[in-house]
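Student: Pick one part of this chain and walk me through it closely. Which pieces pack against it, and how is it laid out?

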Amino acid sequence: MMLLFGSFNPVHRGHTALAEYAIERGLCDAVAMIISPQNPFKADYLQTPEMMRYEMAEMAVKESRYPDRIKPSVVEFVLEKPSYTIRTLDYLRENNGDDMEFSIITGSDIWERFDEWKEYERILNEYKIYVYPRKGY
């Protein structure tokens, strides 16, 4: 399972196109769009309410080429805030055991700040990370 983390505020065609690309290239069987209710790098007051972002992501995914293989996820809605990727990864691993392998896909703009993420070394050591180019980064 490939994980695409983001605020998705708003979700747009680029998000679903990236998920489609990962599936088409055989990088994964499915993509979970992990909607972050509170990104530690963004001001909370600028966020559209999390359930509205989830509903918009659901609509966007239904229009994708792989609506059965790309799914928005609310997993971070039930976890401690702010949302830290390592907490989400630990939760997913604990609840899925060794039956599921997780990887991450992120943009080069986010990758540029990856060393600021909580326990980023552990993420690097334990998970495959795919970085896609973003103009200007």
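Tutor: The expected span of a helix is 1.5 Å times one less than its number of residues. Helices here are DSSP runs (H or I, at least four residues), strands are E runs of at least two, and both are numbered from the N terminus. The model is predicted: local features need pLDDT of at least 70, side-chain atom pairs count only at pLDDT 80 or more, and totals for chains, interfaces and linings use all residues. Residues are numbered from 1 along each chain as its sequence is written, and side-chain values use heavy atoms, leaving out hydrogens and water.

Take helix 1, residues 13–24. Its twelve residues should span 16 Å, and the end C-alpha atoms are 16 Å apart, so the two agree. Buried means under 20% relative accessible area, exposed over 50%, partly exposed in between (1.4 Å probe, protein chains only). H15, T16, L18, A19, E20, A22 and I23 of helix 1 are buried. Their cover, by contact (heavy atoms within 4.5 Å), includes strands 1, 2, 3 (70–73), 4 and 5, plus helix 2 (50–62). After helix 1 comes G26, with a positive phi near 75°.

Now set helix 3 beside it. Helix 3 buries T85, I86, T88, L89 and L92. Down the axis of helix 3, these fall within an arc of 160°, so they line one face. That arc is taken from the directions from the helix axis to the C-beta atoms. Strand 1 (2–6), strand 2 (31–35), strand 4 (103–107) and helix 5 (120–126) are among what covers them. G97 follows helix 3, its phi positive, near 60°.
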